[in-house]
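This report describes how the parts of one protein chain pack against each other. Please look at the sequence and the model before reading on.

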Amino acid sequence: MRSSTPEDLSGRCERCYLPTALCLCAEVPVIPTRTELLIIRHNKESQKSTNTARIAALALPRCHIVSYGAPGAPFDPSVLDTPDTWLLFPDAPEAEGPPPKRLVVIDGSWAQARRMVQRVPALRRLPGLRLPPPAPDTRRLRKPPHPDGMSTLEAMAGALARLEGEDLAKPLLTLHELMIERVLASRGRLGWENYL
C-alpha cells in the first residue's frame, strides 16, 4: 500500500514528515561539517515524505535548502554567487584543487534535476564533484532511471566522504537506511509493531 503525504501533515511529524509512530527525529545525528551545503530542491519534492534532502538538512547544521520551481516565486541565482562553490552533479566538469567551502546539491527526480541545471546558467558554470556509482544491491525508496542514480542523502554522504572523510559520512548512510525502514513500514511493507 502506497501512502502520500497529507497536505496538512495530519498524523505526521512536522520535521521528518513520517507518521508520528515512525518519526525518526530522535535518531537524527548532528554532524558538523567544514563544508557548507546548499540544497536546491525542486518544489514538487518539498512535500514528499520520501524526500531525503529534508532528512539531510536535519542532520547537517551547515545545510540550507532553497526552493526551485514554486509557482510565482522565481529562483534567485544570486544564492550561487559565493566564491569557492562546487556543484554535486554527474555531468558537471570535474573540479580540481583544494576542497570547496560550499557544495551545491540538486534535489529532485533525475529529469527535474537535469532541467534545473539546464535552466540555471549559473549552475552550469560551477566546477563539479562526481561520485562513483552506488553498489548494485543498494536499497532504494524510488527506482532510479539509471544504475548511477542515488538519493540526495546518499549523494551528500558520498560527497562528504570524499571531501571530509568516510567517518563523517557513516552516520548519514546509517540515517538513510533507517529512513528506508521507516518509510517501508509506513507503506505496510514492514511491520509497524517494530516501532511501537
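## The pair α1 and α4

The axes of α1 and α4, taken as lines fitted to C-alpha atoms over the stretch in contact, come within 7 Å and cross at roughly 45°, where angles run from 0 to 180 degrees between N-to-C directions. The two helices are therefore oblique to each other, given that angles under 35 degrees count as roughly parallel, over 145 as roughly antiparallel, 65 to 115 as roughly perpendicular and the rest as oblique. Helices (H or I, at least four residues) and strands (E, at least two) are DSSP runs, numbered from the N terminus.

On the side of α1 the contact (heavy atoms within 4.5 Å) is made by T52, A53, I55 and A56, and on the side of α4 by T152, L153 and M156. These residues divide into five nonpolar, two polar and no charged, where Ala, Val, Leu, Ile, Met, Phe, Trp, Tyr, Cys and Pro count as nonpolar, Asp, Glu, Lys and Arg as charged, and the others, Gly among them, as polar.

## Basis of the model

This is a predicted model, in which local features need pLDDT of at least 70 and side-chain atom pairs count only at pLDDT 80 or more, whereas totals for chains, interfaces and linings use all residues. Residues are numbered from 1 along each chain as its sequence is written, and side-chain values use heavy atoms, with hydrogens and water left out.

The buried residues are T52, A53, R54, I55, A56 and A59, and what covers them includes β1, β2, β4, α4 and α5.

## The sheet

An open sheet of five strands has the order β2-β1-β4-β3-β5, with parallel pairing, two strands being paired if DSSP finds at least two bridges between them. β2 and β5 stand at the edges, each with a single partner strand, so one side of each is left without a neighbour in the sheet. α1 packs on this sheet by touching β1, β2 and β4, and its direction makes about 150° with that of β2.

β1 and β4 pair over six bridges, and R41 stands opposite D107 in β4. Four bridges join β3 to β4, with L103 in β4 as the bridge partner of W86, while two bridges join β3 to β5, where L87 stands opposite G128. β4 has six of its six residues buried: R102, V104 and I106 lie on one side and L103, V105 and D107 on the other.

## Nonpolar cores

A nonpolar core is a set of buried Ala, Val, Leu, Ile, Met, Phe, Trp, Tyr and Cys residues joined through side-chain atoms within 4.5 Å. The largest has 39 residues, and those with the most contacts inside it are L24, L37, L60, L103, M156 and L172. The elements that give two or more residues to this core are β1, α1, β3, β4, α4 and α5, and α5 gives the most, with nine residues. A second, separate core of 18 residues includes F75, L80, F89 and L126.

## The chain overall

The protein chain holds five helices and five strands, and 46% of its 196 residues count as buried. Among its contacts with a separation of 6 or more, 69% are accounted for by residues 24 or more positions apart.

Notes. Buried means under 20% relative accessible area, exposed over 50%, partly exposed in between (1.4 Å probe, protein chains only).
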